[in-house]
Amino acid sequence: MLVRLIINDIYKQRRSMLIFMVIAIPIFTSVLLAIDFGIRYESYLYPLALKKGITSWSMLLLEQKMVFFKEYLPLFGAIIISSLFDSEYKNNGWTLSLTYPVARGKIVISKFVASLIFMSIMLIINSLSLIVVGKIVGFPEAINSRYFVKMFFIQFISVAGVMTIHLYITIKNKNVLKSIGVAAIITIVSSDLFYRGISISKYNPYSFASFSDGLTKANLSLQIIMSVVLIFIGLFSAVIYFNKKQSY
C-alpha cells in the first residue's frame, strides 16, 4: 500500500510545474556554466585550475557557485515538499487520501519518499548535465565517477535532512508559502555565512550541501551523521503531528 501511495503522489504532479522545475533548473544552470566555460575556459579557468592544483572538473564545480545550485538545494527541497501538499490542500485531496485503509503515518512517509524521488531526479540531471558540459568544452582529464557519486550522496543526504523540517512546517501550515518563505530566508542567510567562511556553517544543515564539491575542508562524516539524525527526528515529529492533527 505504501508503494501505491508513493506512485499516486508522483502521478498527481503530472500536470504541475514541479516536474518542469525538477528538470529545468539543473539544465538551465548547466547551460549557464557551458556558456561561461566556452568563453573563459582556455584563457582563464583552465590556467587557474592548474595554478590551484585542481582538475577542470573541480573547477567546474567551483564555478557552479555562480548559479547557486547546491546552495539553494534546501529551497528547492522545500518547494518540492510544498508542491506535494499543495495539491491536497487546494483540491480537498485529504478527504480522499484519508479514506484509504492505511495508517496516517504512511501517508506522510509516502509524500516524503515521493519528494526524495523528485529531488533525486534533479540531482541526477545536474550531475549528468555537468558531465555533458565538461565533454562539450573538452576537459583533458578523465571523468572521476566516484567524485560525482560522492557529490550526489552528500547533496542528497544533506537536503533530505532539511526537507524533513519543511515537511513538518508544511503539515502544520495549510499555506505552503510559509514553508517556502522560511526556506528562502534561511537558505540565503546560510549561503552568505558559508561564503564568508563563518564556522557555524559546518553545523548548519542548510549549508551542508554547499560542501558537496569537496573543495572546502570540513568534517563531512559529522555532517552526514547530523543529517541522518535530522531525517529520523524530523520524519518522526511530522508523523506524530499528522496523527494528532484534527483539521486538514
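User: How are helix 6 and helix 9 oriented to each other?

Analyst: They count as oblique; that label covers whatever is left once angles under 35 degrees are called roughly parallel, over 145 roughly antiparallel and 65 to 115 roughly perpendicular. This is a predicted model, where local features need pLDDT of at least 70, side-chain atom pairs count only at pLDDT 80 or more, and totals for chains, interfaces and linings use all residues. Residues are numbered from 1 along each chain as its sequence is written, and side-chain values use heavy atoms, leaving out hydrogens and water.

User: What angle do the axes of helix 6 and helix 9 cross at?

Analyst: In general, you describe two packed helices by the angle and the distance between their axes. Here the axes of helix 6 and helix 9 (residues 220-244) cross at roughly 135° and come within 8 Å.

User: Which residues make the contact?

Analyst: Contact means heavy atoms within 4.5 Å. Helix 6 brings R104, G105, I107, V108, I109 and F112, while helix 9 brings I231, L235, A238, V239, F242 and N243. By class, that contact has 9 nonpolar, 2 polar and 1 charged residues.

User: What does E141 touch, not counting residues up to four places away in sequence?

Analyst: Y46, T55, S56 and W57.

Definitions and conventions: Axes fitted to C-alpha atoms, helices over the stretch in contact; angles between N-to-C directions. Helix = DSSP H or I, 4+ residues; strand = E, 2+ residues; numbered from the N terminus. Nonpolar A, V, L, I, M, F, W, Y, C, P; charged D, E, K, R; others polar.
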